Amino acid sequence: FYTWVNHVSDPNNNSISNVKYKKSMTRVVVLSNYFKPGFKAGGPIKSLDLFCKNLSKELDIHVITSAYDLNSKKEYPDIELNKLINRDGYKVIYLSKYNIQNILFYLKRFKPDYIYLNSVFSKQNIFLFLINKITSLPKIILAPRGEISSNALKIKSYKKKPALYFFKLFKVFKDIDFHATDKFEADYLCKMFSNNKIKIIPNFVSSFENPKKLYKVKDKVRA
């Protein structure tokens with residue numbers, strides 16, 4: 001993957017050829033279109049923040065997100081953009097342009113062991129799913145956050161259902177593991193993607209099992 005994205009340039013026109021980015025812990029890069037101090041995207045922002053806080057002692061977490069709240073064209077105030085900053089035990093970078101080119105650049109720079117995605121239908125995430133079919137990205141863990149539940153699929157079903165059909169037909173999620181927040185979510189994920197690994201980690205967790213211990217779910221889901 002890192003060889004494949006060598007052509008991706010720095011969004012700030014800075015060379016990274018001499019950047020030395022060392023790591024000692026397992027590194028997880030979290031990608032999310034919206035993050036604190038944003039609030040318009042609702043509960044997932046808070047859940048993701050707590051998720052990062054609770055894992056920060058065991059994992060080296062870097063969040064890549066946009067500099068805007070949902071449906072807003074105004075940048076967050078008092079936040080330096082396109083620069084990694086420390087927040088609550090983990091690191092965040094707010095991108096002035098949250099697009100696939102910039103995401104690939106920072107994935108190359110941060111060199112994660114895992115990529116944690118917080119949406120099935122995010123445009124940027126769909127690009128990553130497809131790129132992962134072409135060249136192996138770091139291990140992807142996908143948290144649908146209820147997006148593919150039966151009720152959620154009723155909203156804009158004309159877009160979501162064909163997309164899911166495409167994903168299943170071409171096995172886009174073949175090498176992707178799923179994070180479910182409860183047994184109900186894990187059950188329907190198991191029905192839709194029976195060959196994938198699924199791990200239940202509730203919201204507001206206080207501890208986390210090493211991602212390498214994710215197990216395969218067949219006929220039933222274990223907490």
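**View 1. N86 stands opposite K91 of strand 4.** This is a predicted model, in which local features need pLDDT of at least 70, side-chain atom pairs count only at pLDDT 80 or more, and totals for chains, interfaces and linings use all residues. Residues are numbered from 1 along each chain as its sequence is written, and side-chain values use heavy atoms, leaving out hydrogens and water. Strand 3 (residues 85-87) and strand 4 run antiparallel, joined by three bridges. Helices (H or I, at least four residues) and strands (E, at least two) are DSSP runs, numbered from the N terminus. Two residues lie between the strands of this hairpin, and D88 takes a positive phi near 55° there.

**View 2. Strand 4 also pairs with strand 2.** Strand 2 (residues 60-66) and strand 4 run parallel, with five bridges between them. Look for V63, whose bridge partner in strand 4 is V92. How many of the six residues of strand 4 are buried? Five are, so strand 4 (residues 90-95) is mostly covered, where buried means under 20% relative accessible area, exposed over 50%, and partly exposed in between (1.4 Å probe, protein chains only).

**View 3. D88 and K36 form a salt bridge.** Side chains of opposite charge can pair when their charged atoms come close. Here a salt bridge is a side-chain nitrogen of Lys or Arg within 4 Å of a carboxyl oxygen of Asp or Glu. The closest N and O atoms of D88 and K36 are 2.4 Å apart. D88 lies in the loop between strand 3 and strand 4, and K36 in the loop between strand 1 (27-32) and helix 1 (43-55), so the pair ties together parts 52 residues apart in sequence. D88 is partly exposed, at 46% relative accessible area, whereas K36 is buried, at 13%.

**View 4. K139 and D177 meet in another salt bridge.** The N to O distance is 3.4 Å. This pair links distant parts of the chain, with K139 in strand 6 (residues 139-142) and D177 in strand 7, 38 residues apart. Is D177 buried or exposed? D177 is buried, with a relative accessible area of 5%, while K139 is partly exposed at 27%.

**View 5. A nonpolar patch lies on the surface.** L130, Y165, F166, L169 and F170 form this patch, with about 510 Å² of accessible area together. Patches are made of residues with over 30% relative accessible area and no salt bridge, joining like charges within 9 Å and nonpolar side chains (Val, Leu, Ile, Met, Phe, Trp, Tyr) within 5 Å. Accessible areas come from the Shrake-Rupley method with a 1.4 Å probe; for residues, only the protein chains shown count as cover. Helix 5 (residues 157-169) gives the largest share, three residues. F170 sits in the loop between helix 5 and strand 7 (177-180) and is partly exposed at 47% relative accessibility.

Technical notes:
Pairing = 2+ DSSP bridges.
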